[in-house]
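Student: I'd like to learn how to read a structure like this one. Can we go through it step by step?

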Amino acid sequence: MSKIDRRDFINGSLMLLGSSVMPDGSAIAQNLEDLSNSSYPPALNGLRGSHPGSNESAHKKAWTGNNDWGRRNLLDEEYDLVVVGGGISGLASAYFFSQQHGSDKKILIIENHDDFGGHARRNEHVVDGKMILGEGGSESFEYPSGFSNVVLKLLHELGVDMEAFKSAYDRNFFKKHGLGAVTYFNERYFGEDKIVRHPFCDYPGFIEGLLRPKIDINEAVEQVPLNTEGKRQLLKLLTSNPSTLGIEKSQWRRYVREVSYFDYMRDTLGVIDPLIHRMARQSIVDYGGVPDVMTINGALEGGALGMNAATWKEVLDDGAYQNYLDRKDGTYAVEEPFIEHYPDGNATIARMLVKKLIPNVGKGDNVEEIILSKFNYHQLDKKNSNVRLRLNSTAINIEHETDASNSDYVYTDYIKNETSYRVKSKNVILACYNMMIPHIVNNLPQDQYQELMKLTKIPLQYSTIGLRNWRAVKEAGIGMAMSPGNMHQAVNMDFPTSMGGYEYTNSPNDPCILHMRCCLQGDTHGAPAIQQFKEARYRMLAKKFSDYEAEIREHLTGMLPRNYFNFDRDVASITVNRWAHGYSYGKVSEIGIRPFGKIAIANSDASGSSLMNRAIEEAWRAVKELS
Ligand SMILES: Cc1cc2nc3c(=O)[nH]c(=O)nc-3n(C[C@H](O)[C@H](O)[C@H](O)COP(=O)(O)OP(=O)(O)OC[C@H]3O[C@@H](n4cnc5c(N)ncnc54)[C@H](O)[C@@H]3O)c2cc1C
């Protein structure tokens, strides 16, 4: 197999940014100058997300309870606040603390990855000299109409202009290029490589402006590479509605919340073809569940195979599902579309928080102005800064100097480059994964310890692929391809947003990023979700980059038209963002997140919800608890 040697290329050379200009029209020359810096994590390709080297110390601590870290170096540094976790919640905690207590307060943020932002991660690809942006994780604001005043105020202070998204997002992009929601059936499982121009599920509906299928469901099922009986079963599932439950109408709502989607499919509808089960399992992507142990209601909310919100409306709770709008133009449109999207996703929010905390990190005074600004990572941890952000550092032990109830100080021990360090602070905010807290906080009360031990995280993977051109994608008419036979459950063109001088691709002859996404499930079908997440996580972490590259090669080569696509010629770079600990799963009670002495707990996990706005709200609560 030939290699994409560009994949490990660190983009240290000068590059062209096309015709892009910064909003003030001035900064291009400076930007180009800045790009000569080679220590720049957003431009790294290969295995990213929880990259190798980021989680070994945490696993050693959590899995083996290791306490032997060699000689500890007591640093001559004292802080008002140490924040563990450099995701949006940790960064927002530092921002709020500084706002509440004064910008002269000394703050240290400790982050185990080589980049900040947590799940809000910027992916840069340089394809034939052109820099293209994508998101390695957190993508868009979700349902901003429900954002609290705390969140809206912070976003305002960062320079977010909600109105700007309306023109920045090109909702005609997909229509203009004939890109729709399709399903790719691969040869390995379905006997032939085939695209059917229907997604058979509601998942693609969140992409505003994507073309809806034009063929009706009977015609679409006829084209699916299943045998005659399989097609009959698939059609039965796809045309199901509450009356097919076979029970009294008064029982529908209760029933869909109690009965499993797979039991209903198998036992009530008689859908037993394993290939249809495969399609069903693969149809839940971002909603953080395992379809074979999900209720019918869960499958409905996740837009799973055959679970059409329009026909099942009667059993859904108000607001549980996006309301589809019929714009009569053949495109997907929902009441609250996901258009609040920056070219690098919510990484822009993380980057702007860093810019506020450490002004020298780069140019730009608001979210739009920083989109093309290459941050100087050497500025993150400067001795003379009031706020310091220390990367590649994993907190492994946190303890009060004396008894938690009257201690003036907290010690935080962390590992960086296999060396142990200790810093002293007056306060600590734990904005890390909440499931890590019982492993690293000393003398945590038993009830709190037990509560936090219940938590887990859902593994997710977003791979971004730098394509030299997307002629093959256009030829195949793919805006999003559900992919029931592949590791990546869906492949899509990114949200078409141009902002801050960054131009989204407009011609199929130009480079672009293709997104490939999956929410990994376990191998033991029907096992409890937590077990399946664990199995999937271990499988994910055991794979090498070459495994992912082989999978992506097979996927794209099978899916895209052969006379338009050649993997070795057309794929310039691959970034596999593995989030072994992705979405929050489960919610702890107040006991789990209550402050402990001088230590408060943040992170979106504390709210039991994986959303950017919740990460910010939990930061606000944690800072207030320390006041
Ligand atoms: C693939 C993906 C897509 C998503 N898409 C969206 C979206 O579109 N919209 C949305 O609102 N939300 C989305 N989310 C949810 C996302 O989790 C939140 O938006 C938000 O970024 C969470 O921020 P956080 O700071 O609470 O947690 P995190 O981003 O998880 O940050 C916590 C940080 O703490 C670090 N850490 C953990 N333990 C330690 C330790 N011991 N020492 C040092 N550091 C430690 C972690 O490595 C991490 O960097 C997505 C999540 C994923 C995984």
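Predicted model: local features only at pLDDT ≥ 70, side-chain atom pairs only at ≥ 80, totals over all residues.

Student: What separates the centres of domain 1 and domain 2?

Tutor: Taken over C-alpha atoms, the centres of domain 1 and domain 2 are 30 Å apart. Their contact takes 27 residues from domain 1 and 30 residues from domain 2; two residues are in contact if their C-beta atoms, placed from the backbone, lie within 7 Å.

Student: Which element gives the most to the side of domain 1 that touches domain 2?

Tutor: That's α14, with 6 residues. Names like that are DSSP runs, numbered from the N terminus: helices (H or I, at least four residues) and strands (E, at least two).

Student: How do I read two packed helices?

Tutor: Two packed helices are described by the angle between their axes and the distance between the axes. Axes are lines fitted to C-alpha atoms, for helices over the stretch in contact, and angles run from 0 to 180 degrees between N-to-C directions. Here α4 and α22 pack at about 100°, with axes 9 Å apart. That makes α4 roughly perpendicular to α22 (65 to 115 degrees; under 35 is roughly parallel, over 145 roughly antiparallel, and the rest oblique). In α4, Val150, Val151 and Leu154 meet Asn613, Ile616, Glu617 and Trp620 of α22.

Student: And how do I read a sheet?

Tutor: Strands of a sheet pair through backbone hydrogen bonds, either parallel or antiparallel. Two strands count as paired if DSSP finds at least two bridges between them. In this model 8 strands form an open sheet with mixed pairing, in the order β1-β16-β12-β15-β14-β13-β6-β7. The edge strands, β1 and β7, each pair on one side only. β1 pairs with β16 in the parallel sense over 4 bridges, and Gly46 has Thr575 in β16 as its bridge partner. Helix α18 packs on the sheet, touching β12 and β16.

Student: How many residues surround the ligand?

Tutor: There are 39, and the closest are Gly85, Gly87, Ser89, Gly118 and Cys432; a residue is near a molecule if its C-beta atom, placed from the backbone, lies within 6 Å of it. Domain 1 and domain 2 each supply at least three residues of that shell.

Definitions and conventions
Residues numbered from 1 in each chain as written. Domains from an automatic or database assignment.
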